[in-house]
Amino acid sequence: MVFTANQTDGYSREYLRRLAIMLEQIGANDYAEIEKAYLKEMVNIFEVIESRGFEGPNYESLEADFMKTIEKADKEYRNLDEQINAQIYKYALIIYKEVLELDN
């Protein structure tokens, strides 16, 4: 299956939207904010690099921007000190309890 640029852009936007929603659902709002702040920018830069190729104009500048964005997002993630592990665990317990209730 081959996707056009508009189709992949639509899938990217849907992925970003759903990822933020899922993070918010498990109570990882700080992580959702990081995704909203940086992931769209990373995807946009990546898509420009992909469309122009590695030999395209301003490749090195785009790559540097991409890496800076990743570093900023990564720093914010690290500043949260892996709080997401606790959020995922709490959410898994909720789901586990719901499954047990359905089973009984």
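In this predicted model, E33 and K36 sit three residues apart in helix α2, so about one helical turn separates them. Their side chains meet in a salt bridge, with an N to O distance of 3.6 Å. E33 counts as partly exposed, at 45% relative accessibility. K36 is also partly exposed, with a relative accessible area of 44%.

E24 is partly exposed, at 33% relative accessibility. Together, E24, E33 and K36 form a linked network of salt bridges.

The structure holds four salt bridges. One of them joins the side chains of R78 and D74, at 2.9 Å from N to O. Both residues lie in helix α3. They are four residues apart, which is about one turn of the helix. R78 counts as exposed, at 55% relative accessibility. D74 is partly exposed, with a relative accessible area of 36%. Side chains of opposite charge can pair when their charged atoms come close.

E35 presents another case. This residue is found in helix α2. E35 is buried, yet it has no salt bridge. The nearest side chain of opposite charge belongs to K36, and it is 11 Å away. A salt bridge requires the nitrogen and the carboxyl oxygen to lie within 4 Å. At 11 Å, K36 is therefore beyond that 4 Å limit for E35. Leaving aside residues up to four places away in sequence, E35 touches L19, L23, K40 and Y77.

The largest nonpolar core contains 19 residues. Within this core, L23, A28, Y31 and L39 touch the most other members. Helix α2 gives the most, with nine residues. L23, one of the core members with the most contacts, is also among the residues that E35 touches. A28 touches L23 as well, along with I84 and Q87, when residues up to four places away in sequence are not counted.

Notes. Residues numbered from 1 in each chain as written. Predicted model: local features only at pLDDT ≥ 70, side-chain atom pairs only at ≥ 80, totals over all residues. Heavy atoms only, no water. Core = buried A, V, L, I, M, F, W, Y, C linked by side-chain atoms within 4.5 Å. Buried < 20%, exposed > 50% of the residue type's maximum accessible area, 1.4 Å probe, protein only. Helix = DSSP H or I, 4+ residues; strand = E, 2+ residues; numbered from the N terminus. Contact = heavy atoms within 4.5 Å. Lys, Arg positive; Asp, Glu negative; His and termini not counted.
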